[in-house]
Amino acid sequence: MTSSTTTPPSRPARRRRGEGQWALGYREPLNANEQSKKDDNPLNVRARIENIYAHRGFDSIDPGDLRGRFRWWGLYTQRKAGIDGGKTATLEPEELDDRYFMLRVRIDGGQLDLAQLRTIADISVEFARDSADLTDRQNVQYHWIDVRDMPTIWERLEGVGLSTQEACGDCPRVILGSPVAGISADEIIDARPAIEAVESRYIGDRAFSNLPRKFKSAMSGHPGHDVVPQINDIAFIGAEHPEHGPGFDLWVGGGLSTNPMLAQRVGVWVPIDEVPEVWEGVVSIFRDYGYRRLRSRARLKFLVADWGIEKFREVLETEYLERTLVDLDAPEVPATPVDHVGVHRQKDGRYYVGVAATVGRISGTLLNQVADVVEAHGSDRVATTPMQKLVVLDVEEDRVESLVEALAELGLHARPSQWRRNTMACTGIEYCKLAIVETKARAADLIGELEKRVPELDTPITVNVNGCPNSCARIQTADIGLKGQLVLDEDGNQVEGFQVHLGGALGLGAGFGRKLRAHKVTGEQLPDYVEKLSRTFLEQRDADESFAHWVARADEEVLR
């Protein structure tokens with residue numbers, strides 16, 4: 001008698017769920033955002049703004065345009081006043097919307113002549129209740145914009161060569177550039193021609209106006225990582241090839257938000273005249289292979305992480321460029337990104353002067369005053385930076401100190417305290433519909449307190465204050481990153497507070513901050529906490545030890 005076993009029937013392999021990648025045949029929209037973009041190219045909304053909404057007002061705006069396509073022209077509805085952070089995630093969009101807009105002016109490369117600066121300032125005064133912020137994407141951001149004023153605003157901006165086109169939305173956002181491009185004595189190569197070529201060829205091109213999510217670019221020939229390349233979707237950074245000379249090192253796949261990842265080097269050298277073609281290849285990969293099913297996984301960084309950098313390079317070279325790129329060994333990386341604050345000699349013998357506004361908060365009135373001061377000191381150019389700073393270019397040596405003093409009288413400091421220089425804040429609950437806590441005013445108050453309490457701080461400690469988990473203010477890469485949330489105070493009341501991230505960094509030792517388990521600080525406790533932490537660091541640090549290195553070795557109890 002023989003025994004036999006019955007083999008159970010095999011189950012068919014479960015089909016992997018599609019991620020909405022166009023190149024793999026997933027062309028049907030998998031969520032409401034993708035459907036909206038398919039229904040109508042978002043760039044078309046400008047005609048409706050000019051021809052309908054600007055005449056009939058806010059109530060005439062189609063909801064699909066209002067909370068979607070408007071972004072492709074730099075417009076977001078701002079938060080209605082008086083809504084506390086506890087309601088951010090519970091109210092419907094129409095309950096959070098004010099009847100006014102935030103508007104971003106894109107400044108590709110960051111440099112402005114005085115005619116452009118005065119136009120930005122005048123629009124702020126006339127149409128935005130004198131509001132203006134310097135962002136960490138080199139934009140200027142207004143609030144209180146009425147849709148009825150948009151045709152006039154566009155006419156003014158475009159008359160001096162500025163634009164709001166694709167300042168927001170699932171498209172190529174503003175291109176970061178070195179604020180001192182063309183004049184820095186340290187510069188390897190001037191990236192401005194590449195920035196101008198990409199901006200003129202591709203911004204507004206409908207082939208790239210429907211990407212899976214936002215696409216952030218950076219191009220700088222400065223070796224100091226002054227455009228924070230490690231957290232951009234694509235970055236071209238100045239590099240010297242031993243045989244071919246100056247060109248660019250290519251990085252891809254960086255980004256923060258709730259799932260932070262650092263960009264990776266592709267390992268190639270790109271000459272300046274090939275930058276637009278390579279940029280087009282990378283953004284095309286994102287368009288065709290990027291994940292469109294879930295918005296939370298729709299950034300380029302997820303594709304790069306899944307593929308690996310070797311496959312990414314292979315697809316770029318074989319499917320899009322149809323040629324092999326030149327190999328490049330890793331160039332030297334600076335200890336930390338350069339912010340250009342202070343007085344610096346240009347390669348032509350003149351000087352540039354970088355100044356710190358308080359967490360990027362300025363006004364149109366102030367910008368007009370800056371323009372007057374700059375003009376009176378013989379310059380015609382300024383630049384915004386990715387650190388919420390402003391730089392005055394082309395100053396003769398004998399006018400530098402007078403300029404520094406005049407700007408200081410306006411609250412713009414070329415020799416700021418470490419606290420003022422290194423504190424950054426996002427928009428926060430004052431205007432942002434995603435925010436949970438106040439940021440700008442709290443960060444400004446924190447700077448004032450720390451300047452009084454710890455004036456002896458002699459080394460950078462970056463403090464980045466964010467109103468929600470989305471990290472517009474780069475909390476994961478700060479020495480002290482503060483993520484806004486509601487917390488319980490000592491009496492059990494729910495109040496504004498922050499989860500603390502410690503020891504993040506960009507540059508040579510790039511990494512994300514250490515989260516202390518269950519450690520949160522109320523807004524009222526914040527000055528005491530940062531004072532205690534910074535004093536402990538000053539007492540315990542080794543000779544030239546950075547705050548991030550100290551945090552990495554410090555006992556957790558010391559950090560609480």
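1. Arg 192 is partly exposed, at 28% relative accessible area (buried means under 20%, exposed over 50%, partly exposed in between, using a 1.4 Å probe and protein chains only). Its side chain meets that of Asp 190 in a salt bridge, 2.7 Å from N to O (a side-chain nitrogen of Lys or Arg within 4 Å of a carboxyl oxygen of Asp or Glu). Asp 190 also counts as partly exposed, at 22%.

2. A quick word on what you're looking at: this is a predicted model, where local features need pLDDT of at least 70 and side-chain atom pairs count only at pLDDT 80 or more, while totals for chains, interfaces and linings use all residues. Residues are numbered from 1 along each chain as its sequence is written, and side-chain values use heavy atoms, with hydrogens and water left out.

3. The whole structure has 49 salt bridges. One of them joins Asp 97 to Arg 67, with the closest N and O atoms 2.6 Å apart. Asp 97 sits in strand 2 (97–105) and Arg 67 in the loop between helix 3 (63–66) and strand 1 (75–79), so this pair ties together parts 30 residues apart in sequence. Helices (H or I, at least four residues) and strands (E, at least two) are DSSP runs, numbered from the N terminus. Asp 97 is buried, at 5% relative accessible area, whereas Arg 67 is partly exposed at 27%.

4. Have a look at Arg 453 and Asp 528 too, whose side chains form a salt bridge at 2.6 Å, N to O. That pair links distant parts of the chain, 75 residues apart: Arg 453 is in helix 14 (440–453) and Asp 528 in helix 15 (526–540). Salt bridges with shared partners join Glu 449, Lys 452, Arg 453, Glu 456, Asp 528, Glu 531 and Arg 535 into one network. Arg 453 is partly exposed at 23%, and so is Asp 528 at 45%.

5. Now the sheet: six strands make an open, mixed one in the order 6-7-8-9-10-11 (two strands pair if DSSP finds at least two bridges between them). At the edges are strand 6 (172–177) and strand 11 (326–327), each pairing on one side only. Strands 8 (234–241) and 9 (245–252) are antiparallel partners over eight bridges.

6. Two helices lie across this sheet's strands. Helix 7 (192–202) covers strand 6 and strand 7 (215–220), at about 170 degrees to strand 6. Helix 10 (309–321) lies across strands 9, 10 (264–270) and 11, at about 35 degrees to strand 10. Axes are lines fitted to C-alpha atoms, for helices over the stretch in contact, and angles run from 0 to 180 degrees between N-to-C directions. Contact means heavy atoms within 4.5 Å.

7. The largest nonpolar core has 57 residues, of which Ile 49, Phe 70, Phe 101, Ile 120, Tyr 142 and Ile 145 touch the most other members (a core is a set of buried Ala, Val, Leu, Ile, Met, Phe, Trp, Tyr and Cys residues joined through side-chain atoms within 4.5 Å). Apart from that core lies another, of 40 residues, including Val 282 and Trp 307.

8. In helix 5 (114–127), the buried residues include Leu 117, Ile 120 and Phe 127. The buried residues of helix 5 pack against several elements, among them strand 5 (140–145), helix 6 (150–159) and helix 11 (364–376).

Notes
The expected span of a helix is 1.5 Å times one less than its number of residues.
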